[in-house]
Amino acid sequence: MKGLYCRAGVNDAEPKFVIQETSLPEVLGSHQVRVQVKACGLSPLDLKLLSDVGIQRDFIPVGREVAGVVLQVGPKVSFFQPEDEVVGILPLDSPCSGLCDVIDIDEYYLVQKPEKLSSVCVAAALRDGLSAYTALHTHARMAAGHTLLVMDGASSFGLMCIQLACYHGVKVLTTSHSPQKHTFLEQLRPSVGVQDPLVARVIPVYNGSSDLLSLVLEETGGLGVDIVIDSGVCLQEEEESEEMKLLPHKHDMISVLGVGGHWVTSHEDLQLDPPDCRLLFLKSASVSFLNPEIWTASSAQQGRYLHILKDIVEKMSAGVLRPQPEEAYPLYEATVAMETVQRQHKKKAVVQL
């Protein structure tokens, strides 16, 4: 049986992804489930995070968002039985690669997959759905009537945030990072006579001329938004790379917040200066760091995590969450696909087994 693994580079060299032979133990653990994998989502591998939590291996398993069919269950498994269709995310310390034909996983990391939801779709979108749910519900305490600003709404994560927020009656503003993304997001805006729009306003940031703060204040009557979700921020006033020029400055994120607002950031190295903290204090606003891995890194809220996963797949099945379709790669192209994902941190990929 073959799986995809990462061999970490030495001295900041790029990591290498290799296909390796692997095997499973003959006997299942008491609460383990043996699953035949049908599809596996690929997301960027955070080697620094793995090192910080003490996971250091010569070969790190790759591919953690899986969908498949239960083949066998351990003696104390109570949630599943053979032939059940399941979906879940392998924990950070899992020895299995999600691209193996068959994997062993603890039953407490899996939920039932609705019959009409395709394995490819749910494997590609589960992580983004979890991140959106964590940002909006867990951190921002989203409620009907709130106003939300989503940066880069055309990304897979941004689109999940938009759809989840609109389902709960939140007014959504978003930014576009290219003319093509702007056109896509404009299609989500309301037509004449439509009462429940997805996006109230799309703000282009790719041409360098948009004043994000003034446009947000115009849309909110000068009050600012209740929630901001970024896709990274710019810490310095002048950044050289084109990609960094599209990111908002940290001061803009604080400035667009209303009183009591929540800023949910994906920027792990965020640095706030005293003037930034003073502005947050004056608004009684808060900053939260989005780390979706925390659910599988700690078992303190395992029941809540399973409830979130179940709710996400049910909303996908009902059409509330409609992720952008991802082209499914065959297993023999998994190495190339993962290299692309690792270089372009916002790109997704899914492998069909």
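Select D104: at 7% relative accessibility, D104 counts as buried, where buried means under 20% relative accessible area, exposed over 50% and partly exposed in between (1.4 Å probe, protein chains only). This is a predicted model, in which local features need pLDDT of at least 70, side-chain atom pairs count only at pLDDT 80 or more, and totals for chains, interfaces and linings use all residues. Residues are numbered from 1 along each chain as its sequence is written, and side-chain values use heavy atoms, with hydrogens and water left out.

A salt bridge here is a side-chain nitrogen of Lys or Arg within 4 Å of a carboxyl oxygen of Asp or Glu. Helices (H or I, at least four residues) and strands (E, at least two) are DSSP runs, numbered from the N terminus.

Next, select E85 and K113, which form a salt bridge (3.0 Å, N to O). E85 is partly exposed at 30%, whereas K113 is buried at 7%.

Move on to K250 and D273, a salt bridge with its closest N and O atoms 3.3 Å apart. K250 lies in helix α7 (residues 250-255) and D273 in the loop between β13 (257-265) and α8 (274-283), so the pair ties together parts 23 residues apart in sequence.
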